[in-house]
Amino acid sequence: MNKQDLVEYVQKAANIETKVAATAAVNAVLDGITEGIKKGGPVQLIGFGTFSVKDRAARQGRNPLTGEKIKIKATKVVSFKVGAELKATAKKAKAAKK
């Protein structure tokens, strides 16, 4: 599913008349998650999961082309921890494929 598919799903599920309004709803949710991440705090959606910011330490790396050792700077990364309901849904979907 891509963003367009998600917009169409939201439009049907929420009974929104226009695709423009459904796109605005999806964008508002994504913007809300982005704002929560910018503030550095976790964005917790019960049953779905939690977005959070984590620090990644500086480390040694290797240039794959030359094999030369390089220093990779410390950085912040976005992390997502899956919620229990979503994890159970994924487990059921995987079992159904077998």
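A helix here is a DSSP run of H or I at least four residues long, and helices are numbered from the N terminus. With that in hand, here are the close-ups of this predicted model.

**View 1. Q11 sits in helix α1.**
Let's start with Q11, whose place is in helix α1. Is Q11 buried or exposed? Its relative accessible area is 17%, so Q11 counts as buried, because the cut-off for buried is under 20%. Setting aside neighbours within four places in sequence, Q11 is in contact with I16, E17, T18, K19 and A22.

**View 2. V26 belongs to helix α2.**
Next up is V26, found in helix α2. V26 has a relative accessibility of 5%, so this residue counts as buried too. Which residues does V26 touch, once those up to four places away in sequence are left out? They are K3, L6, V7 and V10. Now look for F80: V26 and F80 are 54 residues apart along the chain, and their C-alpha atoms are separated by 19 Å.

**View 3. Here is the largest pocket, with a volume of about 260 Å³.**
Which residues line the largest pocket? The lining is made up of L6, V10, A25, V26, V29, L30, I33, L45, F48 and F51. Two elements give two or more residues each to this lining, namely α1 (3-13) and α2 (19-38). Helix α2 gives the most, with five residues. Sort the lining by class and you get 10 nonpolar residues, with no polar and no charged ones.

**View 4. S79 lies in strand β5.**
Now for a strand: S79 is part of β5. With a relative accessible area of 18%, S79 is buried. What is S79 in contact with, leaving aside neighbours within four places in sequence? The partners are T50, F51, S52 and K54.

**View 5. G83 is in the loop between β5 and α3.**
Where is G83 found? Strand β5 covers 75-82 and helix α3 covers 84-97, and G83 is in the loop between them. G83 counts as buried, at 12% relative accessibility. Not counting residues up to four places away in sequence, G83 touches G47, F48 and G49.

**View 6. Stepping back, the protein has three helices and five strands.**
From the N terminus on, the order of elements is α-α-β-β-β-β-β-α. How does the radius of gyration of the protein look beside that of a compact globule of 98 residues? The globule would be near 13 Å, but the protein has 19 Å. Along the principal axes, the C-alpha atoms fill a box of roughly 55 × 40 × 30 Å. Of the 98 residues, 15% count as buried; Q11, V26, S79 and G83 are among the buried ones. The protein exposes about 8100 Å², and carbon and sulfur atoms supply 58% of that. Among contacts with a separation of 6 or more, 28% come from residues 24 or more positions apart.

Terms used:
Residues numbered from 1 in each chain as written. Predicted model: local features only at pLDDT ≥ 70, side-chain atom pairs only at ≥ 80, totals over all residues. Heavy atoms only, no water. 1 Å grid on protein atoms, 1.4 Å probe; cavity = no way out; pocket = protein on both sides within 12 Å on 5 of 7 lines; lining within 4 Å. Points joined across faces, edges and corners; volume = space filled by probe spheres on them. Nonpolar A, V, L, I, M, F, W, Y, C, P; charged D, E, K, R; others polar. Buried < 20%, exposed > 50% of the residue type's maximum accessible area, 1.4 Å probe, protein only. Contact = heavy atoms within 4.5 Å. Rg over C-alpha atoms; globule rule 2.2 N^0.38 Å. Areas by Shrake-Rupley, 256 points an atom, 1.4 Å probe, with all protein chains shown as cover.
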